[in-house]
Amino acid sequence: MTTGQLMPLMIAIPIVMACLILAAGSYLPRVVTDILATATAAGVAGMAAALLIHSGHSRVVTWLGGWRPARGVSVGIPLVADPLNAGLALLVAGLVSCALLYSWKYMESVSGRFFALMLLFLAGMEGFTLSGDVFDMFVFFELMGAAAYALTGMKIEDKTAVQGGLIFGVVNSLGAYISLFGVGILYSRFGQLGLPQLGAMLRQHRPDALVIVAFVLIITGFLVKAAMVPFHFWLADAHAVAPAPVCVLFSGVMVELGLYGAARVYWVAFGGTIPHADVTRAFIVFGALTAAVGAVMCFLQRHLKRLLAYSTISHVGLFMMGFAVLDDDGTAGAALYVVGHAGVKSALFLLTGILLNRYGNVDEHRLYGRARGDRLTACLYFAAALGLAGLPPFGLALGKSVTEDAVAVAGYGWAPVLFIAVSAVTGGAVLRAGLRVFGGLGPRPALESTAGAGEESTGGEEKPETGGLPRTPVTMLLAIGILLAGSLAAGLLPDAGQAFAHAAQRFTDAAGYISQALSHAGAAPPRPDPAVAWTGEGIGLDFLSVALALGVAFLGLYARRLPAALRRSAAPARPVIAVLRQVHSGHIGDYVAWLFTGIASLTALLGLPLL
Amino acid sequence: MSVYPYFVAAWLMLVGGYGIVRSRNLVHAVVSLSVAQAGTYVLLLAVGYQRGALAPVFGSTTKPNKHVVDPVVQAMTLTDIVVSATVTALLLALAVQVNKRQGTPDPDELQALKG
């Protein structure tokens, strides 16, 4: 069997296993279902690792059903793996394995359906990652979407869960249909759906209005998934209500897949026609706005899962800025940032799940000082929180320093300030929550909402997913340990930086992708790999952001003890914050209106410079 | 081929979106989503249409040298319909459940998720 044949199997095996578990779920003992599901995910991870090793030498291309292209034209569907998306496939399968391992004891009352949905979700994400065909990307996008909506709304007795699932479903599906509209427009002009064929045709094509509109519509769906402001509203609602192991997949990789989709479609299909400078400008604007809005909203939360969700939004904005500079360094930095972030953020979500299970809610104020005796959980929490703030040697810190450097070199000198501010504010918010919950520091916070009745989600009514375990089970701690170790490995392994640089170089080499997919030519790397490694300056800035995060955390704890004059100086920010809170209204109509506003502004940013 | 079907497709997409924005009932919002999706069906079928061409089923009546409409977009539309059926069923079930738990299907009166 060749490596190419692994790719269809990585998608098919989870689907088959999901059907088996659904069919036999009620006859099998729970422990067998647990082991079957986790072993399937781990097996897919193994296949992804093999694919990653092979794709390091040369891209792996499979035309499904043997429908190879003839003279550059094909009706077949390609699956293409380069090191970047093979690595992403490994990240997907690894996170699903950890989430399933954690669920052994955590999701006590669920039947086989939960595991079947998780495996379908896995299949959808793997398919989206490996596909080299825009229509196929839409289909897998909807497969992972449908599984994700169901997983979000799974606790059907919980009123917030069903509302969050519904909002998530409507906004994301509308985004997907808008993408499909773009695919249809593109097909009407070029008669092709495969990315390599489209890329080959578009390279000789002027960027006219139809191409710009098709591009904007296609990436709209992906940016909805990637939670770019103003497409981001669904994310906090969905994350706040989904079970913790599901949040791991949402924050750790599903959102980033949206970004990957946009970057892949641009590089391969549109990179030769729409000018790089316009795309860079548009994506930097969206990324910076997302990072800023996410960070402010993150700091305002007391619902722990919502807090982490807004931190994800904010970080995705930073990843976007890394991809936006459209060079090897920015892409390598962003990829490393994504992997480092996946480890620590997933660990934080799982730790929040432990808090929910032990103490019955996820409200920072209600949990004040409750977890004081829980040393091990506290150590893991603070390790992950400091990692989120950018503590070396976590992979996140390396990714952050490489990305901020690349964005600054590309001509956006203010970028490092934004990166450090965002890391400090989001890390500070997570640390503040930890210091309150595990340390009981600061004055006791008020239980009633300060934002006015009904204007804030507190997390006080969140229902635990288990019936209160006496001690934290070892499988749950093991899953958290693996995730943190993974994030550390991305920063510590001596060749990790170089591997990411190589992956980024292959990812940005669109001409190589097209020629290798269409003619099976063995493409040699045309450029040397960029250098990705720790630098003294980068480490210094990382420590600065950690120090600032600690400052922000203590400011959050002791704000009420500040002198009155200092507190008054913050008064002008109040109306802005009030408006931001009101905009996040939980209203499905508002969210869709924002979605259309976002499409209009994206079209303006990309289209106006070409007039 | 006239441009008329393309305007219908775009209009369906926009009016579906507008329906969700102005919706006073979650079931109505989900159905509006289906209306928006119907825009994609019209667009895809319009793309593949040729005047005077036959259905793309080759056999004793349609020889391989005859003009047929594009089968690729028809396959895409069928896939799209399958996706739509799944997602709409799931979302309607969630809408019913929201009504049960919060006592109202009106998005304006739902209070559970804010800020």
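Domain bounds here come from an automatic or database domain assignment. The structure is a predicted model, and for chain A that assignment gives domain 1 (1-130), domain 2 (155-274 + 564-611) and domain 3 (276-445 + 469-506 + 530-561).

**Domain 1 against domain 2 in chain A**

Taken over C-alpha atoms, the centres of domain 1 of chain A and domain 2 of chain A are separated by 25 Å, and the contact between them takes 25 residues from domain 1 of chain A and 18 residues from domain 2 of chain A. Together these two domains bury about 1,700 Å², with 80% of that area on carbon and sulfur atoms. On the side of domain 1 of chain A, the residues that lose the most area to domain 2 of chain A are Leu95(A), Phe121(A) and Phe128(A), which together make up 30% of what that side buries.

How many salt bridges are counted between domain 1 of chain A and domain 2 of chain A? The count is 1 salt bridge. Asp82(A) forms a salt bridge with Arg264(A), and the closest N and O atoms of this pair are 3.1 Å apart. The pair links distant parts of the chain, 182 residues apart, with Arg264(A) in helix H10 (residues 244-270) of chain A and Asp82(A) in the loop between strand E2 (78-81) and H3 of chain A. A search of the whole structure finds 15 salt bridges over all chains.

Across the interface of domain 1 of chain A and domain 2 of chain A there are also 3 residue pairs in polar contact, both residues being at pLDDT 80 or more. Helix H3 (83-106) and helix H4 (112-130) of chain A are the elements that give two or more residues to the side of domain 1 of chain A that touches domain 2 of chain A, and H3(A) gives the most, with 11 residues. The residues of this side of domain 1 of chain A divide into 18 nonpolar, 6 polar and 1 charged.

For the complex, the predictor gives an ipTM of 0.95 and a pTM of 0.94. Chain B averages a pLDDT of 89, and 98% of its residues score at least 70. In chain B, confidence is highest in helix H1 (residues 4-21), at 95, and lowest in helix H3 (residues 71-102), at a mean of 92.

In the contact between the chains, 42 residues of chain B meet 51 residues of chain A. Chain B and chain A bury about 4,000 Å² between them, 77% of it on carbon and sulfur atoms. The count between chain B and chain A is 0 salt bridges, while 7 residue pairs, both at pLDDT 80 or more, are found in polar contact across this interface.

H1, helix H2 (26-48) and H3 of chain B each supply at least two residues of the side of chain B that touches chain A. Which element gives the largest share of that side? H3(B) does, with 16 residues. The residues of the side of chain B that touches chain A divide into 27 nonpolar, 10 polar and 5 charged.

**The two interfaces in a table**

| Interface | Buried area | Share on carbon and sulfur atoms |
|---|---|---|
| Domain 1 of chain A and domain 2 of chain A | about 1,700 Å² | 80% |
| Chain B and chain A | about 4,000 Å² | 77% |

Notes
Residues are numbered from 1 along each chain as its sequence is written. Chains are lettered from A and ligands numbered from 1 in the order in which they are written. This is a predicted model: local features need pLDDT of at least 70, side-chain atom pairs count only at pLDDT 80 or more; totals for chains, interfaces and linings use all residues. Side-chain values use heavy atoms; hydrogens and water are left out. Contact means heavy atoms within 4.5 Å. Buried area is the accessible area (1.4 Å probe) that two parts lose on being put together, summed over both. A salt bridge is a side-chain nitrogen of Lys or Arg within 4 Å of a carboxyl oxygen of Asp or Glu. A polar contact is a pair of N or O atoms within 3.5 Å; within protein, one must be able to donate a hydrogen and the other to accept it, and residues adjacent in sequence count only if both atoms are side-chain atoms. Helices (H or I, at least four residues) and strands (E, at least two) are DSSP runs, numbered from the N terminus. Ala, Val, Leu, Ile, Met, Phe, Trp, Tyr, Cys and Pro count as nonpolar, Asp, Glu, Lys and Arg as charged, and the others, Gly among them, as polar. pLDDT is the predictor's confidence in each residue, from 0 to 100.
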